[in-house]
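Me: I should like a close look at the aromatic pairs of the structure shown here. Please set them in the context of the whole protein.

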Amino acid sequence: MNWGPWSHPGHAAVLALVEERAGLVPPSCPASAEEGIARAMERAGLKDFDAYRVRLTEDPSALDDLLIELTVGETYFFRTPEHFEHLRSVVLPELRERHGPDHTARMWSSACSSGEEPYSIAALLMGEGWDEHMAVYATDVSRGALARARKAHYGDWSLRGGWADRMRPHLRAEGRRYVLSPEVRKRVRFSYLNLALDTWPSADSGIWKLDVIFCRNVLIYFNRPTIEAVARRLHDALDEGGYLFTGPSDPPLGGLAPLESILTEWGVLYRRPLPGATLSLPVPAAWTEPPAVTAPTSTTAPAWSPSSTGVPGTAMGTTSLGTTAPGRAGTGTATGITSPGLPGGSGTSAMPSGAITGRPSPAWNAPGADGGRAGGTPTHAAGPPRSAQGTMAGTSAPEKPTHAPSAAAMHAARQALARGHWREAAQHLGALDSDADTAALAVRALANLDAAAAVYACTEAAARHPLVAGLRYLESLLLLGQGRAADAERAVRQALYLEPTLIVAWLILGRVLRRHGDTSGAMKAWREAEQLCNALPPDAPVPHADGESASRLAEVARGERSRMEAALAAGEELS
C-alpha cells in the first residue's frame, strides 16, 4: 500500500503493521505521523525500524503506546451534551417503560480514554435515580489511559464543556487538580479492549446485551473493512432496542449492520430494532482507500467567474456572508459563517469562502480518483474519475449543472425555521437531496437563514455522502463559524483523509490548530497548503476557493506562517 511521502521507508512499514493489527487508516498528515512514531520509538528505546516492528509484534503495550500517538484522545466531561440529554430525556424513560423499574441499565463507553465519558454516564444515571440499577462498562486500547481513568484525577481542561457544572458536585479540589468521588468511581468497570479485534461481544467481559453504547469519534480512524466489522459487532453487542451513539464525524453505519437510523435535531444515532420490527437496509456506497498524497498536476477554471477581490461576492438571497453575529430566519442579517478570517494583504479576508456562497462549487468526488479536481481535470493519477457514490463514471463525465433553491423554497424554509423545524427547512431547500452537489448548495443557502440549522443539515448531508470531501470541508467552516473548533478540526481532518490535496482544508486546519495553541501543527498545515499551491500554475483557480488563484492562496498561507513566527518571536499571545 502506498502511504504517501515519508522521510524513511521504515515509517510506511510501521504504519502497515498498525493497519494490519489495529485497522487504522493511513494518516492524512505524514509529518505528524512521523513525529508520533519517533516519540513512541524513543520511549521504547529503539532507533531501528525493523527492531521496532518486532517489538510491536511481540509486545502489545508497545503497540498500544504507538496507537496513542496516532489517534487523538480528546475528551472532557459530558462532551456533546446533546447525546447525554437524549439519553436522559428519551432513552432512560423508554428503558424504564419497556423493562420496568427493576431493570439494570447496561451502558458501555467503548473508547473511554481517561474516563470522562463513562464517569459522565454514571453521574447522569445516578442523578436520574438509577443508582442501584446500573452497570457502566468502559474500555480502551491504551493501558496508560485506563490507568489514568482508574485514578480519576482531573484538571480544568476536563471541565470545559457546557455541562461541566453537572460534574462538579462529584469532584473534590486537591490543589490544582480535582479528585472524583468514590461513589461515581465504583460505578464504572474499566478493562482493556481493542475494538479492531474479534474478541467481543462476550458475556465474560460484560460487553453484550447492552442498552446503550457510546462509540464516538473512534470509527474515523479505522479503514473500511475494520469499520464494517466493528459495525456488525456493535449491533451484536446491543440488546434488542438498544441505542448506539457515534460521533458527528464518524462514518455512517447504514447498510453495514441491521441498525435503525434515528434522526434528531442534533444528528443521527442508531438502534438495534425491537423484535418484529422490519428494517430496510440501504446498499452501502462503494469504498476506495484514500489516495497517496501527491501534488496536483493540472486544474481548470471552476464553473463560475472568479471574484475580483479577496472576498467572494454575495450569498444566496439578498444577504452577504460577513463577520456579523449569526442571524435568524428572516432577519436579513448575515450568518457570519464564512472563512475563519485569515487575513489578506489588504486587511480583508482572503480565505476562500466560496463553499458557503450562493455560487456552485466544483463537483466533489470520491477519493482515489479526481478528488482534487476543479471543473473536470483529475489531480490524482490513481485511475479514472469516480462519482460521489464511488462508482466508476468514466473519464469524460460531464459536469452536472446545479441550481440555487427557488424563491418559493426559500420562503417555505424561512417559515419552517420560524416554527423551529430545521429538517423541514433543509428538505425545502434540497439539503437532504441524494445528489451531493445539490445538497451542498442547499446547505449554503440554509446558512444564510439559520447557522445552527445549516450545521445539522450539513452533518446529515455528509453522512449521506461519506466519500464527498467537500461536504466535510463545508461542515468544518460552519462549525468553526459557531466557535466549535474541536468539532471543526475533526470535520476538516476527515475532509483531508478523503482528499489529501484539498488546499482550502489545510488552510482551515492551520487556523483551527492555531486556536488550539498547536503552533507546530498550524505551521505544518500552512506549509502543506503553500506547497500544494506552488505545485499548480500561479493563476490556476483552487478548488472550493471561490476563484482564488494558487499564487494568492500560497501568499495567504505564507503570510499566516510569517505572522505566527513574528508573534512567537515577539512573545505575543496567539489566538
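To begin with, what does the accessible surface of the protein come to, and what percentage of it belongs to carbon and sulfur atoms?

Reply: The accessible surface of the protein comes to about 23000 Å², and carbon and sulfur atoms account for 51% of that area. The model is predicted, with an average pLDDT of 76 for the protein and a score of at least 70 for 75% of the residues. Over residues 280-399 the pLDDT stays under 50, although the model has 296 contacts beyond four places in sequence for this stretch. Where pLDDT is low, the predicted coordinates should not be read in detail.

The secondary structure consists of 18 helices and ten strands. Of the 575 residues in the protein, 57% are buried. Among contacts between residues at least 6 apart in sequence, 70% join residues at least 24 apart.

Turning to the aromatic rings, the structure holds seven aromatic pairs. One of them is formed by F84 and F214, a tilted pair with 5.3 Å from centre to centre and 35° between the planes. Because F84 belongs to helix α5 (residues 81-99) and F214 to strand β7 (residues 210-215), this pair ties together parts that are 130 residues apart in sequence. F84 is buried, at a relative accessible area of 0%, and F214 is buried as well, at 1%.

Another pair, Y119 with F190, is edge-to-face: the centres are 5.5 Å apart and the planes stand at 70°. Here Y119 lies in helix α6 (residues 116-127) and F190 in strand β6 (residues 188-192), so the pair links parts separated by 71 residues in sequence. Y119 has a relative accessible area of 1% and is buried; F190, at 14% relative accessibility, also counts as buried, the cut-off being under 20%.

F84 and F214 also belong to an aromatic cluster, which they form with F78, W163 and F245. W163 has a charged neighbour over its ring: R166 lies over the face of W163, at 3.6 Å from the ring centre. A further arrangement of this kind involves R143, which lies over the face of Y192 at 3.9 Å from the ring centre.

Note on methods:
Residues numbered from 1 in each chain as written. Predicted model: local features only at pLDDT ≥ 70, side-chain atom pairs only at ≥ 80, totals over all residues. Heavy atoms only, no water. Helix = DSSP H or I, 4+ residues; strand = E, 2+ residues; numbered from the N terminus. Buried < 20%, exposed > 50% of the residue type's maximum accessible area, 1.4 Å probe, protein only. Contact = heavy atoms within 4.5 Å. Areas by Shrake-Rupley, 256 points an atom, 1.4 Å probe, with all protein chains shown as cover. pLDDT = per-residue confidence, 0-100. Phe/Tyr/Trp six-rings, centres within 6.5 Å; stacked < 30°, edge-to-face > 60°. Lys NZ or Arg CZ within 6 Å of the ring centre and 35° of its normal.
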